[in-house]
Amino acid sequence: MALTVNLCFTFTETQAMSKYHFNEIEKKWQQYWAENETFKAYNDSEKPKYYVLDMFPYPSGAGLHVGHPLGYIASDVYARYKRHKGFNVLHPMGYDSFGLPAEQYAIQTGQHPAQTTKVNIEGGTDKQGTEIAGYRKQLDQIGFSFDWSREVRTSDPNYYKWTQWIFIQLFESWYDTKADKARPISELVAIFSTEGNKTLDAACDEGAETFSATDWNNFSSKEQQEILLKYRLTYLAETEVNWCPELGTVLANDEVVNGVSERGGHPVVRKKMKQWSMRITAYAQRLLDGLQKIDWPQPLKDSQTNWIGRSEGATVSFKVLPNVTLGSVEGSHNIEVFTTRPDTIFGVSFMTLAPEHELVSQITTDAQKAKVEAYVEATAKRSERERMADVKNISGVFTGAYAEHPFTKEPIPIWIGDYVLAGYGTGAVMAVPCGDQRDYDFAKHFNIPIPNIFEGVDISEEANSDKENTKIANSDFLNGLSYKKATKTAIYELEKIGAGTRKINYRLRDAVFSRQRYWGEPFPVYYKDGMPQMIDEKHLPLTLPEIDEYLPTEDGQPPLGRAVNWAWDTHKNEVVSNNNVAQSAVEGSKGDNGIYPLELNTMPGWAGSSCYMFRYMDPSNDNALASQEAMQYWENVDLYLGGSEHATGHLLYSRFWVKALYDLGHLQVDEPFKKLINQGMILGESAFVNRAEYFIGGYDQVLPQTIPSSSTEDLPNFYFSSGILKEFEENHTNSSLWRIIENNPMVSDYCEKVFDPKDGGLFSIIPNRIHADVSLVNASNELDIEAFKNWRPEFKDAEFITEENGSFKVSREVEKMSKSKYNVVNPDDICSQYGADTLRMYEMFLGPLEQAKPWNTAGITGVHSFLKKLWKLYHTGAEGAFSVSDEPASKDSLKTLHKTIKKVEDDIENFSFNTSVSTFMIAVNELTAQKCTAREVLEPLLILVSPYAPHISEELWSKLGHPNSISEAPFPVFEEKHVKETNKTYPISFNGKMRFTLDLPLDMSKEEIESAVMAHEQTAHYLQGRIPKKVIVVPGKIVNIVG
RNA sequence: GCUGAAGUGGUGGAAUUGGUAGACACGCUGGACUUAAAAUCCAGUGGGCAGUAAUGUCCGUACGGGUUCAAGUCCCGUCUUCAGUACCA
C-alpha cells in the first residue's frame, strides 16, 4: 500500500519537472521582466539606438482581439532581435485614448469618458456590470518587451498639453513659399509693416487682398488679425459640413446615406460652418518630395501621391458676358478655371460650375432662376460621396449666362452640374467635350455642340483619350502642334493677353481641425471681439471642463457649450464661470473685464497621434515635448508598424506636423518614420444561421412585398441548417421550405389565408442570414443549438430544421473581425489554453505579415506541439529530466544549427516571420532525430527562438545555468564552414521535365558533369535511342537534356 | 470608373536570382501504445490512368497566348477576389 503511494508521488513529481508548464513559466518571466525593468530603454546609452514603434491602439471596451497583436508581435520579434544584435532599443506603447466610442458610451450611460477609458486600459467593471480585463493586462499576457515606463495616453492632460502647444506653434507661424519653410508670424508682421504684401510669396487663403505697408499700419488691430488669419498654418475658415439639424451635429460622410443620417434617418444638409483648418496644402510639394527618402511600401506611397494629387496645367480666366437683364456692375464677373489641358482651349463649347460656386446666384438669368435654385437645393442634400459615386445619372442646369472665349471671343454657355466639385481647383471647368469623357457625356445629354479639335480622330462615339499621339486642329495658332507644344504655346498666348497663367494644382485640401465633440483636446483658444486668441503656453494644459450631458446644446452648439465654467480670465490666467464674460467681450469696450469665452470645439482624433512618437523619447518632460538631447539621440522612428488604413490620414498629417515643427526649429528631423510596414488585417470567420422570412410575392419577383410585421409576428421562428439551404438554392424551388409549412399548422393556416391560387405562389419564404456567435459553433461548423437558444431572448422559441443526421450546420464567411459580427476571437483564451509563446508563434506562422488572412485556430496545435518538442530537446535525461551535455556536437547538428542561424537572420531582416517558424520546426525535428544534446548547439538555438517565444527561451536559458535574462545575449554568428556541401543532388531533366536525380561532387566541371550524366544508365532509358541536340549544364543547379 | 494587392493540394502557406512545384503545419487515412480515451510516436497523403506491387505514365500553380534548354516566377491579353477611393477637370 505504502509502496503504491510512494510510486504515485514520484510519478507526479517527475511530471512537474519535465513537462512544459507554459502557464507557470510565462507568469514567472513576465513578472521577472517587470521587476527587473528588463526592457527599459536608456537615453544615454553607448550602444547604437533602434526605435521600433507600433501604431498605438484606441482602448475600446471590447478589448483586444487576436487581430490587434499581429503587428505588435512582429515588431516585438524585431525589437528583441535588435537587442540580441547589440542595440539600445526603444519599444514603447501607449493609448490613443480620445475618441468617439467612449463619447457614445457616455451619451448612453452618463459615465464620464475618462472613467470608461481608464477601465478599458486598466481593467475593472463597466456601468453595465461587465468585467473588463483591460488592455494593459491583455498586452502583458502576450509577453511584449515594451518599456512601460514611457507609456503615453493622449487624453492625459500632461500629454495633451503638448498637443495644445503644437497647435499654438502652428497658429503662430506662416508659410514662406520662397524660402519653402514655415516662419514665425512675427516675421510676417515685420514684412507687412515695412513692405505690405505686394511682393510676398506665401501660402494663404484664396482671394487675400493686396495692401501696402502704409495700409497695414493704418489697419485696426482687428483688421490686422483678420489678415494674419489668412496666412497662419492653422486658421479659422468657413468649411462645408454634413449638418443634421435634428441631431444638432455634424456627420461624417459615411454616416450619411441617401441624404439622411444613418442613425435615425434624419435629413442632412450641406452647410458652411466656421471651423479651424490646417494649412497642409502649403506642404503639398514637400510631402510629395519627402516620399523619395523614406522606406515605405510602394502602394502606401502611391496612395499618398494620389491623395496629394499634383497636376500641372493653367488657370484660365473667362469673362462673363454682360447680360441685358442684369446691371452692368453685376455683369462684370470673371470665372477662373484650372485645366490640365490648356492645349484644348479651342475645343471649349460650354463651362460647368459646381452648384455651390459663389458666382452661380450672381450670373443666373431670371428665366433660369427657378430651375437653378431647385438644382442647387437638390445638390445640397446629396453628400459629396454620393455625388461622386453616381456616374450614370447626368444632371445639370443652364444658368442662362454666357462667358467669352479668351481667343475667339465667341459666347460660351455657362452650366452648373454636380459632376464638378466645389472643393477641387476653382470649382469650375472649361468643358472640352471632344477631349474629356465626362464633358462629352454631359454635352451629349444636353445636346451641346461637340467641336472636334483633333486631327483625324473620330469623336462620334466617345471623346478622344489619346493625348500623346494626336495633333491639334481647328485651333488657330495651335493647329498641327502636338499636345506638349500646344500646351506650352497656349499658356504663352494666355499670359500674353492676361487671360491665364501656368499653374500647379494639388488635389489635397486643407484639413478641417474642429470637431463638435466632447472627448477630444480642447483648443487653447479664447475669443476677444470675435477674434481667436491663444492662451499663453505657460498656462497649459487647458483641461476639459465637466458637463452635465455629452450632447450638443439645444441651439446646436457643441457639447462644450454646456460647460458652466468655460471662459478665460486673462488677468488671472485661469478658467472661470461663463457668467463673468462681459456682454460684448470687446477689448476696451464698456464692461470689458478681461474675461472671454473659450472655444467650444475640440480637436480631431489625429491631433494626439501626429507627434506622439517624440513624446515617448522623453515622456515626463514638463518643459518640452521632449528634450533636445533625447531627440538628438533617438532621431526618429526606425521601424513603424501599422495598418494601411492610416495611409492618408494619420500618416500624412503626422508628416505635415513634423515638417512644420522642423521648420520652426522644434524638431531635428523632418520625417517621423524611416521605415514602415503595413501588417495585414486578421479577419474573422463569421458564422451564419438562416432564418425563414415570410413574404407575399414570389421568390423571383423583383420587389417582394413584405407582410406588415404585425401579421407575421405570430408565425414561428424557423432556422434551417446550411445543407437545407444549399438544397433550396440548387433546386431553386422551395420544396424543402414547404416542408416547414406542411408540418406546421400555424404557418399553413396563415398561408391559406393569404394564398390566392389564381395568382400562383403568392406566399413565399426566403432565407435571411443572421450572425451567430462563433463561440457557439464547433470546428465542423455545427451549431450548439441549446447554447444558441439561450444566447439571446429572440432565439428562445426558435425551431430548427436540421440535417438528416440531426446536426445543425452554419454557413461560414470571412469578414472583418468585429464585435457586431460576433466573430471575435480573444487572445486571452488562446493564452490560457496554449500559452503566449504559442499565440506569438502561431500569429507569425499564419502567413506573410503584410497579407490579410482569416483567423482559424485549426492549425494552432501544430505550433504548440513544436514548443513541446523544443522543450523535450532539453529534457532527455532520466524520466524527462533536464539534461544537456558539454560534449562537442556532431557535424550534422552543427550544420542544422548554422543553416538555421542563416535562414532565421535573413528572414527577420526581410520581415518574413512565417518562414522562420517553419525553419525552427525543421531544426527541432532534425536535432531530435540526431539525438542532439550538445550545449554548443542548444544554447545558440535558444537565442534564435527567443524573439518569437521569449518565455520558454528564458526558462530553458536559466536552466542552462545563466543567471541573467536571455534578452541581451548576443545573436549567434553564422559560420559557413559548417554548412559547406561537397556533393549536390542534381536533378536531371529531359526537355525540361525532371526524371531522376544524380549525386555528383560540387567541384566537377561542366564537361565532367555532362559525361557523368550521359554515361548514366537512366539517361539511355529516357532518351530511348534519341540523340540529344543539346545538354544544358548549370553547375550546382541543374542538368537539362534537350532532344 | 480609377488605384493597389492577390489567385498554388481538402486548409494555412513554402519555393530568396527563371533551374527538382507543394517545404513546414493543419486535416484526413492506416498503424503502435492503452481496458478505453487523451496525449505521444511511426507511416502514407496534388489529381488521373496502368499495375498485386515496386513502379511507370500523363495532367497540374485562376484562364488564353507568348519568350526560353527550362516559367508559379518574365511579357501580352482575359477573368475572379480583396482593399482603398476623390467623376480631380
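**Notes on chain A**

1. Let me start with Asn-573, which sits in the loop between E22 and strand E23 (574-576). This is a predicted model, and the backbone here deserves a look: phi of Asn-573 is near 55°, a positive value in a residue other than glycine. Is Asn-573 buried, partly exposed or exposed? Its relative accessibility is 29%, so Asn-573 counts as partly exposed, given that the buried class stops under 20% and the exposed class starts over 50%.

2. There are other backbone spots to check. Most residues other than glycine have a negative phi, and most peptide bonds are trans. Lys-409 is not a glycine, yet its phi is positive, at about 65°. You'll find Lys-409 in the loop between strand E15 (396-404) and strand E16 (411-417).

3. Then there is the peptide bond between Leu-540 and Pro-541, which is cis, with omega at about 0°. The proline of that pair, Pro-541, belongs to the loop between strand E21 (531-534) and strand E22 (567-569).

4. For the overall picture, chain A has 36 helices and 37 strands. Its residues number 1043, and 50% of them count as buried. Take the contacts between residues at least 6 apart in sequence: 71% of them join residues at least 24 apart.

5. Next, helix H33. How much of H33 is buried? Nine of its 11 residues are, so the rest of the structure largely encloses this helix. The buried residues run through Val-937, Leu-938, Glu-939, Pro-940, Leu-941, Leu-942, Ile-943, Leu-944 and Val-945. As for what lies over them, the cover includes helix H3 (69-84), helix H29 (836-845), H30, H31, helix H32 (913-929) and H34.

6. Two packed helices are described by the angle between their axes and the distance between the axes. For helix H33 (residues 935-945) and helix H34 (residues 950-959), the axes cross at roughly 155° and come within 9 Å. Since an angle over 145 degrees counts as roughly antiparallel, that makes H33 roughly antiparallel to H34. The crossing of H33 past H34 is left-handed.

7. Which residues make the contact between H33 and H34? From H33 come Glu-939, Leu-942, Ile-943 and Val-945, and they meet Ser-953, Leu-956 and Trp-957 of H34. Sorted by class, this contact of H33 with H34 has five nonpolar residues, one polar and one charged. Glu-939, one of the H33 residues in this contact, is also on the list of buried residues of H33.

8. With a relative accessibility of 7%, His-875 counts as buried. Its side chain reaches the backbone oxygen of Trp-871 at 2.6 Å. Along the sequence, 58 residues separate His-875 from Thr-933, but C-alpha to C-alpha the two are 9.0 Å apart in space.

9. Last, Arg-655, which is part of helix H22 (residues 650-663). Buried or exposed? Arg-655 has a relative accessible area of 0%, so it counts as buried. What is it in contact with, once neighbours within four places in sequence are left aside? The contacts of Arg-655 are Arg-286, Leu-287, Gly-290, Leu-291, Ile-294, Trp-296, Gln-304, Glu-671 and Pro-672.

Conventions. Residues are numbered from 1 along each chain as its sequence is written. Chains are lettered from A and ligands numbered from 1 in the order in which they are written. This is a predicted model: local features need pLDDT of at least 70, side-chain atom pairs count only at pLDDT 80 or more; totals for chains, interfaces and linings use all residues. Side-chain values use heavy atoms; hydrogens and water are left out. Buried means under 20% relative accessible area, exposed over 50%, partly exposed in between (1.4 Å probe, protein chains only). A polar contact is a pair of N or O atoms within 3.5 Å; within protein, one must be able to donate a hydrogen and the other to accept it, and residues adjacent in sequence count only if both atoms are side-chain atoms. Axes are lines fitted to C-alpha atoms, for helices over the stretch in contact, and angles run from 0 to 180 degrees between N-to-C directions. Helices (H or I, at least four residues) and strands (E, at least two) are DSSP runs, numbered from the N terminus. Angles under 35 degrees count as roughly parallel, over 145 as roughly antiparallel, 65 to 115 as roughly perpendicular and the rest as oblique. A crossing is left-handed if the near helix is turned anticlockwise from the far one by less than a right angle, and right-handed if clockwise. Contact means heavy atoms within 4.5 Å. Ala, Val, Leu, Ile, Met, Phe, Trp, Tyr, Cys and Pro count as nonpolar, Asp, Glu, Lys and Arg as charged, and the others, Gly among them, as polar.
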